[in-house]
Amino acid sequence: MPVFQSRHIPAILLFFLCGFLNAQTPTFQKILADSTDTRPYDVTELPDGYLLAGSTTEPGASQSDGVLIRTDLNGEVIWQRRYNSYGTDEFRAARPANGGGFIAVGSASGAGAGSGNCWIVRVDENGNHLWNKTIGQNGFLTLGFNIIPIDDGYIVSGLRITNSAQTTRGFVARIDNDGNTLWSTIPFVNRYNTLNMQFVKDGLIYGCGSGQADLFAEKVEGVWAALDLETGALVKSFRYYAQEYEVLNSIRPTADGHLIMAGWSIPYSTFVVNPSYAWVQKTTTDGEVLWSKTYRVPSWQHNWGYLDVDADGGAMLNIYLNFRLTNNSVDFDEGAALFKLDVDDGQPLWNRRFSGGEFSHFNKVQHTADGGWVAIGGIKNAPLEPYGFFVAKTDPAGYMSDCCSSQWPDPQVADLADTLMAYLPTAINFAESRIEPEPMVEAAVFTNMDVCVYGTAPTIQETLYLCPGESVVLGGATYSQPGTVVVGLPTASDDCDTLATYTIEWLPQVSIQDTLRICPGETVTLQGTVYNQPGVVELVWSGTGDDCDTLATYVIEWLPQASVQDTLRICPGETVTLQGTVYNQPGVVELVLPGAGDDCDTLATYVIQWLSDNQPNTISLSCPADLTVATASGANTAVAEYDLPFADSGCPCPGLNTTLVSGIASGSEFPLGQTVVCYRADDACGNSASCCFTVNVTSDEEPCDVKTIGCLRFELLGIQQDAAQNRAYRVRVVNNCSAALQFVYLEVPDGVSAYAPANNAIYTAPSGRTYLVRNPNYSPMYSVRFKPQAAGIALGESDVFRYALPPQTDVDYINAAVRLSTGAYLETHLNTFGCPVTADNNPRPAHERSEVAQTSVWRVFPNPVAGGAILSLEGPELEDAWFELRDMTGRLALESRVQDNRVVAVIPALPAGVYGYRIVVQGKGVSSGRLLLSR
């Protein structure tokens, strides 16, 4: 039986410290009390201790003060403060504040606070007041239950009650670091509900409570909800109703992404006759119930649950026990208890009973960073005596050294079949925070005295002997290594647990070792397993009787094996035969040559290499120098003959080939401009070399007019006329500027389209450069425009541009212009009267008949045309085609069928000017342009 020291709690701090089984985990029990009636509500772990929050009331007084107490990790008081706003005050929760110090929440009814409002107080590290604010409205009693620090402020939740108690509603508010309200809301507007927000995760605030339609409703439902962190909007909420009265007090996230929550459940609304059960359930974040159970300690009427979770998946359930039935009568007693549950299924793992007087209970339990648990509640020795603070700190298993705890009887566990319903939220706005006068702060007068409620636990010591590989179960845990284990052995319900110390030692174990030698390819069988490679095999041979098993170690090694290695060198096309297989490529061939007698086989390795491998062979190829040839007058090509490149190789294998890879063969026709000719040489060793040179075909023509403007030179090279009297003009542009050529413009008489090149055609200059053609072009002059498709010529480069005009045009000069990449525009004119007109047997050279970028274009001629003439078309054959002619207003002037690519109708006598024409095939326009009508 424990030695219980029943003491009247005087006006001093009753103190008892219980150490810990693990030297890394401080444990203790403390009673903090004086002559006042204290109400403890909250404990929060700090990096260097704990922060306690509650209230205290002087004897005979009707008003209480808020209390904050800071301790070290052993529970020793660092400072204690009382806070009075000249009314009734209390703190329900306290947390480390953003930026240092602490922040507490509760209620106050002092100066400026009205009938009672949610009270928020910020203090420094030593408990000195920094600021305080209230949230509430006249005509309501507003209580603050919890405060949650977030990055830029806090979440506050509590309860608003009308003075007439006609409505009770939970409220939630978000405040900044200075206590200013960012938003506040009452999420549910049914007349009676509570909502205590307890943690923030993934942008949502989670909390729980209860809901009731009105004061006299038959049922109260457990509720949990999630609000949006940024706006306070209700995102989701669920209520659970199984019996007659359900309330949720705490909610926590679990490691597997779900939620676990605790409260209490009563079959009927009569509290004394029907017992209440501690109620715990696990749900998904969408409200789906995974399991739901009730817990009741036998003979105790009221079992109310609060919980917290630890990192390894367990949940600590703190059951508030009240009203014990003894001999068919009611004992107004209390009990402080902790029950460890499995989060996965809700089954109890263990329970511990703590006491400091006949009346004691825990209000809150919290998992600590060292793996243990800290709980806070009230304690007193008799029903009429005042309460004191009761704080217990345990190791992870719920034990404390020097003082013992006892076991409760296993709780009665039952499944609770809840009915899940989703709330239909209707939120209303709530009041904002207000600055209040500075409260009176004074030191509390708690003192301390050592006391131990339970005596020293009985102990036993025993040595256990194990063979390696065996294990023993102690206190529900399995141990398979030597060491010392201390566990508590439960005894009768009123007795202390027995602290048992077990020393685990190894029994002697026999071991053998042997070496087995085999040839590669051979095997050895050990305990039914075949081994064919060197290595270490450890086996266990079962022992007989009480002997441990024998540990056998076998080392498997190769026997010596002869090996030969040879290198074979061949040229490409040659072969070598090894054990009947023909090889013609480099590689490694591994063969096994059978051994004689007991000898292992011989491993032969043949490395086949090219004869040229690892030889200092090289290859070279020398091209002739660049070659320049001139064309005959008026010709576009010239025959060029050059010496073939000279190749040389040091490859020991025969074979050396020289190949033309780009350009034109010697003795062939080369076009005007530069042609790059490239050759490559390859030898039998896989070496290659390449070289290139340039054949430049130039024209020996002299320009008939030259104009230089700035760094540009324009040359008119000549005029050619074909059998249809179309005249082709060739203009060379030399760009000595550093800026590249962007556009070339060659003037065309107004209303005339150049005969060649076609609009959108790709013009290829004698140099091989390509240009996109716009014909006609309207700006900066009516012209043919050439646009380079790659980088434009610059730094002395030149190109020849050729365009042809219809026979009715005979120009005396040509306006020529260039726009450079810098935007500079340079223009001049070239005189044509000094240029002889020569015959042109190829009016549209191949480089002017390149593929057109758009649909096939038909050329209309003559253009310009006089009234009464017949028009002809040049282009692909047309079927079912029509010719339309419209003036500049769009009015149809002529419509005629096209036959044999001729417009049969005679052009009527229309006013001179520019007209637009369109060729239509099967109702679809296939070509269009402008037609100049003259008198």
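Over the face of which residue does Lys133 lie? In this predicted model, Lys133 is placed over the face of Trp131, at 5.9 Å from the ring centre. A further charge over a ring is found at Tyr41, where the charged end of Arg92 sits 4.3 Å from the centre of the ring.

Aromatic rings were also examined in relation to one another. A pair of such rings is described by the distance of the centres and the angle of the planes. The count comes to 20 aromatic pairs. In the pair formed by Tyr778 and Tyr782, the ring centres are 5.7 Å apart and the planes lie at 55°, so the pair is tilted; planes would have to be over 60 degrees apart to count as edge-to-face, and under 30 to count as stacked. With a relative accessible area of 47%, Tyr778 is partly exposed, whereas Tyr782 is buried, at 12%. Elsewhere, one aromatic cluster is formed by Phe199, Tyr206, Trp224 and Phe238.

Glu715 belongs to strand β60, which covers residues 712-721. Its relative accessible area is 6%, and Glu715 is therefore buried, since the term applies under 20%. The side chain of Glu715 is joined to that of Arg713 by a polar contact of 2.8 Å, and a polar contact of 2.6 Å links the side chains of Glu715 and Arg732. When neighbours within four places in sequence are set aside, the residues in contact with Glu715 are Pro703, Asp705, Val706, Arg730, Val731, Arg732, Val734 and Leu830.

Note on methods: Residues numbered from 1 in each chain as written. Predicted model: local features only at pLDDT ≥ 70, side-chain atom pairs only at ≥ 80, totals over all residues. Heavy atoms only, no water. Phe/Tyr/Trp six-rings, centres within 6.5 Å; stacked < 30°, edge-to-face > 60°. Buried < 20%, exposed > 50% of the residue type's maximum accessible area, 1.4 Å probe, protein only. Lys NZ or Arg CZ within 6 Å of the ring centre and 35° of its normal. Helix = DSSP H or I, 4+ residues; strand = E, 2+ residues; numbered from the N terminus. Polar contact = N/O pair within 3.5 Å; in protein donor to acceptor, adjacent residues only side chain to side chain. Contact = heavy atoms within 4.5 Å.
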